[in-house]
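Let's walk through this one together, one question at a time. Have a look at the model first, then try each question before you read on.

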Amino acid sequence: KQNGIQVGLGYLLSLTSQWDMRMEYNHNDYHTIHEYIGTDSYSYKPEFDRYTLGVDYNFDSAQIKFADSVMTSPFSGWYTGVDMGRDQASSNINITTDSSTSQQDRSLRGYLGGVHVGYDWQVMQHALLGIEAFALAISTETSYYSVSSIGYDVSTTDNKIREQNGFGLSLLPGYQLNQASLLYASIGYIDAKFEKTGTGTD
């Protein structure tokens with residue numbers, strides 16, 4: 001597993017008394033991943049851009065959600081939701097073997113879906129502060145090759161890197177634009193599982 005930071009922007013649009021539509025962009029910056037197989041070493045630092053669309057369910061009653069008081073935000077309180085979207089990343093893969101050192105630029109692309117639960121506090125008339133826990137199911141991968149030689153024997157290995165799932169925690173400061181929409185930022189921690197596989201040929 002590998003951890004990193006997540007920063008992003010999002011927009012909430014109230015659809016009904018308890019349902020909201022959610023659009024979000026996040027940039028995930030992971031720490032460099034180092035792997036060693038025998039005398040060969042691999043390092044890569046993935047940075048992901050994620051675009052998701054989802055829905056949230058608010059547990060507050062309709063009477064509270066659409067109260068006339070300007071001090072009552074329709075987005076405050078407990079909520080949960082689901083989302084899905086596109087996942088893409090770039091990474092420089094540094095490969096060191098007994099016979100060579102190389103660097104390959106690779107792009108990771110795929111899809112993801114997730115669930116989240118959180119709570120929003122109304123701290124000022126138009127300002128909210130939320131905390132959210134989330135879990136992601138991810139299908140994102142890229143491939144690269146490495147070449148090593150021992151004497152006259154040369155072998156090529158086709159490798160794949162997959163990001164499979166992740167979870168994290170975010171703080172969400174937001175500004176309520178009107179009674180039906182909220183603009184917010186996110187900053188938090190993410191932990192994801194990366195898997196490397198390879199098949200060799202002589």
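Q: How many salt bridges does a search of the whole structure find?
A: Before counting, you need the rule: a salt bridge is a side-chain nitrogen of Lys or Arg within 4 Å of a carboxyl oxygen of Asp or Glu. Keep in mind that this is a predicted model, where local features need pLDDT of at least 70, side-chain atom pairs count only at pLDDT 80 or more, and totals for chains, interfaces and linings use all residues. Residues are numbered from 1 along each chain as its sequence is written, and side-chain values use heavy atoms, with hydrogens and water left out. Searching the whole structure with that rule, the number of salt bridges is four.

Q: How many residues apart in sequence are the parts that Asp 56 and Arg 22 tie together?
A: The side chains of these two meet in a salt bridge, 3.2 Å from N to O. Strands (E) are DSSP runs of at least two residues, numbered from the N terminus. Asp 56 sits in strand E5 (residues 47–58) and Arg 22 in strand E2, so the parts they tie together are 34 residues apart.

Q: Which strand holds Glu 132, the residue that Arg 22 links to across a distant part of the chain?
A: Arg 22 forms a salt bridge with Glu 132, and their closest N and O atoms are 2.8 Å apart. The two are 110 residues apart, with Arg 22 in strand E2 and Glu 132 in strand E8.

Q: Is Arg 22 buried or exposed?
A: Here's the scale: buried means under 20% relative accessible area, exposed over 50%, and partly exposed in between, using a 1.4 Å probe and protein chains only. Arg 22 has a relative accessible area of 3%, so it is buried.

Q: Which residue in strand E6 does Arg 50 tie to?
A: Arg 50 has a salt bridge of 2.8 Å, N to O, with Asp 87. Arg 50 lies in strand E5 and its partner in strand E6 (residues 77–96), so the bridge ties together parts 37 residues apart in sequence. Both ends are buried, Arg 50 and Asp 87.

Q: With which side chain does Glu 24 make a polar contact of 2.5 Å?
A: Glu 24 lies in strand E2 (residues 19–30), and at 11% relative accessibility it counts as buried. A polar contact is a pair of N or O atoms within 3.5 Å; within protein, one must be able to donate a hydrogen and the other to accept it, and residues adjacent in sequence count only if both atoms are side-chain atoms. The side chain of Glu 24 makes one at 2.7 Å with the side chain of Asn 26. The contact at 2.5 Å is with Tyr 184.

Notes: Helices (H or I, at least four residues) and strands (E, at least two) are DSSP runs, numbered from the N terminus.
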